[in-house]
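Dear colleague,

Please find below the structure that I am handing over to you.

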Amino acid sequence: MNCILHNLYDNKDCLGAKLSLNLGIKMGCSLSFISDPYSKLFNRLCDYWQNFHWLWIGSFWRVEQSLQDRCPFGISVNSLFRSIPSVHRRISGRSVLLRQQILKKMSGQSQRLNVVPTVTMLGAMKARLVGATRGHALLKKKSDALTVQFRQILKKIVTAKESMGDVMKTSAFSLTEAKYVAGDNIKHIVLENVQTAAIKIRSRQENIAGVKLPKFEHYSDGETKNDLTGLARGGQQIQLCRGAYVKAIEVLVELASLQTSFLTLDEAIKTTNRRVNALENVVKPRIENTISYIKGELDELEREDFFRLKKIQGYKRREIEKQRANAKLFAEEQLAEKISLQKGVSISSAHNLLSAAAEKDEDIIF
Amino acid sequence: MAGKVQIPTKNSALISMIADEDTVVGFLLAGVGNVDLRRKTNYLIVDSKTTVKQIEDAFKEFTTREDIAIVMISQYVANMIRFLVDSYNKPIPAILEIPSKDHPYDPAHDSVLSRVKNLFSTESVASGRR
């Protein structure tokens, strides 16, 4: 296992390194972390590249070129990340583009819900986000409660297992004593006398944060036929032995209920944690992305609307101006017609008259 | 909850055993033994003549029976059918590995205890104790 951490630039890289370390350990392969492509370490790495299955690159936008130039194994940055999909979140936000690519490649599903960007949907999404946040908080609490219980049970199990050894030893010893006194053949008598169980188990449930844990209790139900065993000789020893074994059963039943609780709790904690993580890392970001998407779309719509209004306004203004100009033209025409009728000249000469009058001087009044 | 194991609440359940003769006799003396109408016992005595097949069958039978809450199994017997014991993951009946008289108890073999120890040690390291 080769793990080299070197030259960590900042916290984010650190996280990445840790994560990749974990990953490397899990995959049982060697792994290294570098963030400065021009460091001596990197040179050495390139020399001994065959020892490393993974090359974790911190500042990859710089490394990429040098990687391709110098590394004989030639992993491109993209392929590197494609093979470590779960790491993508830890990559610092330095290369947004790359990250987006990775996100898209990650699971084949986009990081937001497929919704129609409307105000109603925005409200619904916000409600969902609130719900998800509350659920996350509650589940987290549940997980904490379970973990507390789990640790208590862990400690109890360890002590119980240790005491079990002692108890079993004493009971075995007392059986040997009984055998010595009563003779070896008592086992046949005992085996013959088995009919119905005198010691039975009662199980009930205990509820811890919604997880039902079984609890066993033993109780005596009727008498055993073994009371008369060893009547001839060694009766007391046999009764002592019996007592020892009953005590052993007490411990064992206790241990059994602890162990069962342990297994059940373990499972429950796993499920809860999985849910907490799913909410935190998948559901909530997705809803947040959706909300920001809807907001962006709404803003975009608003801008479009604004632009359209402006456009229409301009159009209307131009239209009105055009009409006004037409009206003016029409009025002039009529005036010219009137003058031509009055003075007995043609319309064109009346036009000339008018335009000459308009051009010459404004003071001249007809 | 999907995949959740139902825990039956019963007022009378049995303890069953798969162990060597001495251990079984001791517990029978205490009164855990039960023989039903079909002369089926809730225990199996393992001696030198018992085959692994028999132990496996007994283990499977005890773990599927409704009226059994705890299966006690001697550790050396459990070692013979380790794969079965390890793959068993139901909460009820609970599997208890007990020490037997002539085989020392090794906590490392216990499937549950090894997990416990593992968790416990990491926790102790984390909290800086032990």
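The notes that follow describe the nonpolar cores, a cavity and several salt bridges.

Please bear in mind that this is a predicted model.

The largest nonpolar core has 60 residues. Those with the most contacts inside this core are A:Phe216, B:Phe27, B:Ile70 and B:Met72. Helix H8 of chain A, which covers residues 235-343, gives the most to the core, with 15 residues. Another core, of 20 residues, lies apart from it, and A:Ala197, B:Ala78, B:Val85 and B:Ile95 are among its members.

Leaving aside neighbours within four places in sequence, A:Phe216 is in contact with residues of chain A including A:Ile201, A:Val253 and A:Thr260. Its contacts in chain B are B:Ala69, B:Ile70, B:Ile92 and B:Ala94.

Next come the cavities. A search of the whole structure finds 2 cavities of 30 Å³ or more. The second largest cavity holds about 30 Å³ of space. Its lining consists of A:Ile249, A:Leu252, A:Val253, B:Ile15, B:Ile70, B:Met72 and B:Leu96. Two elements give two or more residues to this lining, namely H8 of chain A and strand E3 (68-74) of chain B. H8 of chain A gives the most, with 3 residues. By type, the lining residues divide into 7 nonpolar, no polar and no charged.

I turn now to the charged side chains. Over all chains, the search finds 12 salt bridges. In one of them, the side chains of A:Arg204 and A:Glu217 meet at 3.4 Å, N to O. A:Arg204 lies in strand E4 (residues 199-208) of chain A and A:Glu217 in strand E5 (residues 211-220) of chain A, so this pair ties together parts that are 13 residues apart in sequence. A:Arg204 counts as partly exposed, at 37% relative accessibility, and A:Glu217 also counts as partly exposed, at 31%. A:Arg202, A:Arg204, A:Glu206 and A:Glu217 are linked in a network of salt bridges.

A further salt bridge joins A:Arg308 and A:Asp305, whose closest N and O atoms are 2.9 Å apart. These two residues are 3 residues apart in helix H8 of chain A, so about one helical turn separates them.

In chain B, the side chains of B:Glu61 and B:Arg65 form a salt bridge (3.4 Å, N to O). B:Glu61 is partly exposed, with a relative accessible area of 26%, whereas B:Arg65 is buried, at 15%.

With kind regards

Terms used:
Residues numbered from 1 in each chain as written. Chains lettered and ligands numbered in written order. Predicted model: local features only at pLDDT ≥ 70, side-chain atom pairs only at ≥ 80, totals over all residues. Heavy atoms only, no water. Core = buried A, V, L, I, M, F, W, Y, C linked by side-chain atoms within 4.5 Å. Buried < 20%, exposed > 50% of the residue type's maximum accessible area, 1.4 Å probe, protein only. Helix = DSSP H or I, 4+ residues; strand = E, 2+ residues; numbered from the N terminus. Contact = heavy atoms within 4.5 Å. 1 Å grid on protein atoms, 1.4 Å probe; cavity = no way out; pocket = protein on both sides within 12 Å on 5 of 7 lines; lining within 4 Å. Points joined across faces, edges and corners; volume = space filled by probe spheres on them. Nonpolar A, V, L, I, M, F, W, Y, C, P; charged D, E, K, R; others polar. Salt bridge = Lys/Arg side-chain N within 4 Å of Asp/Glu carboxyl O.
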